[in-house]
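Subject: Structure handover

Hi,

Here is the structure for you to look through. Please open it first, then read my notes below.

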Amino acid sequence: MRIKSFYLAGAAALLALTLTLAGCKVESGLKFSHKFHITEQEVTCGECHVAESGNYQAPSMDVCAECHEIDVDNPSQDCLLCHTIDGAKNDYEVKESKKPRGFSDLSFDHEVHADYDCTTCHSDIPKEAGLENGPSMTLCLNCHKEVDGPQECSACHQEITAEKAPHSHQQDWESRHGQASKLDTTCVYCHTNRQAFCENCHRTQKPRDHVFGWKIGSHGMEAGHNRRLCSTCHDAGYCIDCHTQQKPVSHKRGDWMSYSRENGHAEAAMRNFRSCNVCHETGQCMQCHNTIILRKD
């Protein structure tokens, strides 16, 4: 029982250490927990971050020394509470943190927004998510609309405009954009009439999966999974016009009308009877089955 408790305690300690290190910012050579300072020590953002030239700067050693006892001339193990081991090896060098890639083009003036609480935009900072999860464009635009703030691209971006594609729209974007558009709502920032923009292309160009064998082997299964996706380009009449004139490939097999259920029409009907109703009325089944005794094997 003691051994089990020992392992549980060790696992809990390891988990706590992992979460602590995961929440620290180590790229600059420092380890810092916003959650500890804001939530547990109740330190406000303004106590550490001072606005200079329109932006809040990282605190200097002098600011940290107001709360921590720091002996610069005699470094000790206590320094590793805030400095990383690699940073200590490099004479406690602290590198300037760069903007996350998603915000590299952003031009932002903190002084203009000084009346707002920091967590209005940086809601994840107390949760240790870091600046990588900064305010979304939706949050910014909604706020700008409420206070009648500027909404043109140049108000916040240095290079990105409605006429210039973002970095994400490079390389294989054409093949990835479909899935990305389902997960992201920011398309409307540049493509204001999103539906018309999409339809203008998709109604004139076939998707890449509509290759030579698409009609014969794959389209029926895909339509069964997601008919709404097909309706982007095709209406219901498109399917009916074809299927009322041509039998599906499965219907051309020699065993399709066999009495045996395996690999024939009975098995297909039991699997998806709705697909049968595209061409056949339910009463058509009884024209044959009214006089046929089915095997029960």
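Start with the cysteines. The structure holds zero disulfides. A disulfide here is a pair of cysteine sulfur atoms within 2.5 Å. In general, a disulfide is a covalent bond between the sulfur atoms of two cysteines. For Cys67, the closest cysteine sulfur is in Cys48, 6.8 Å away, so the two are too far apart for a bond. Cys285 is in no disulfide either; its nearest cysteine sulfur belongs to Cys276 and lies 7.0 Å away.

How covered are these residues? Cys67 counts as exposed, at 67% relative accessibility. Cys285 is partly exposed, at 30% relative accessible area. The cut-offs: buried is under 20% relative accessible area, exposed is over 50%, and partly exposed is in between (1.4 Å probe, protein chains only).

Now some ground rules. This is a predicted model, where local features need pLDDT of at least 70 and side-chain atom pairs count only at pLDDT 80 or more, while totals for chains, interfaces and linings use all residues. Residues are numbered from 1 along each chain as its sequence is written, and side-chain values use heavy atoms, with hydrogens and water left out.

Confidence comes next. pLDDT is the predictor's confidence in each residue, from 0 to 100. The protein averages 76, and 84% of the residues score at least 70. Which element has the lowest mean pLDDT? That is helix H1 (residues 2–22), at 37, whereas helix H7 (residues 137–146) has the highest, at 87. Over residues 1–26, pLDDT stays under 50. The model gives this stretch 12 contacts beyond four places in sequence. A contact means heavy atoms within 4.5 Å. Where pLDDT is low, the predicted coordinates should not be read in detail.

Here is the overall picture. The protein has 15 helices and two strands. Both are DSSP runs, numbered from the N terminus: helices are H or I with at least four residues, strands are E with at least two. Of the 297 residues, 9% count as buried. The protein exposes about 24200 Å², and carbon and sulfur atoms supply 56% of that area. Accessible areas come from the Shrake-Rupley method with a 1.4 Å probe; for residues, only the protein chains shown count as cover. Among contacts with a separation of 6 or more, 52% join residues 24 or more positions apart.

How many salt bridges does a search of the whole structure find? It finds one. The side chains of Arg176 and Asp172 meet in a salt bridge, 2.8 Å from N to O. The term means a side-chain nitrogen of Lys or Arg within 4 Å of a carboxyl oxygen of Asp or Glu. Arg176 is partly exposed at 36%, and Asp172 is partly exposed at 39%.

Two histidines are worth a look. His37 is in helix H2 (residues 34–40). At 18% relative accessibility, His37 counts as buried. Leaving aside neighbours within four places in sequence, His37 contacts Phe32, Glu42, Val43 and His68. His219 is in helix H10 (residues 214–225) and is partly exposed, at 29%. Beyond its neighbours within four places in sequence, His219 contacts Trp214 and His243. His219 and Asp209 are 10 residues apart in sequence and 9.4 Å apart in space, C-alpha to C-alpha.

Best wishes
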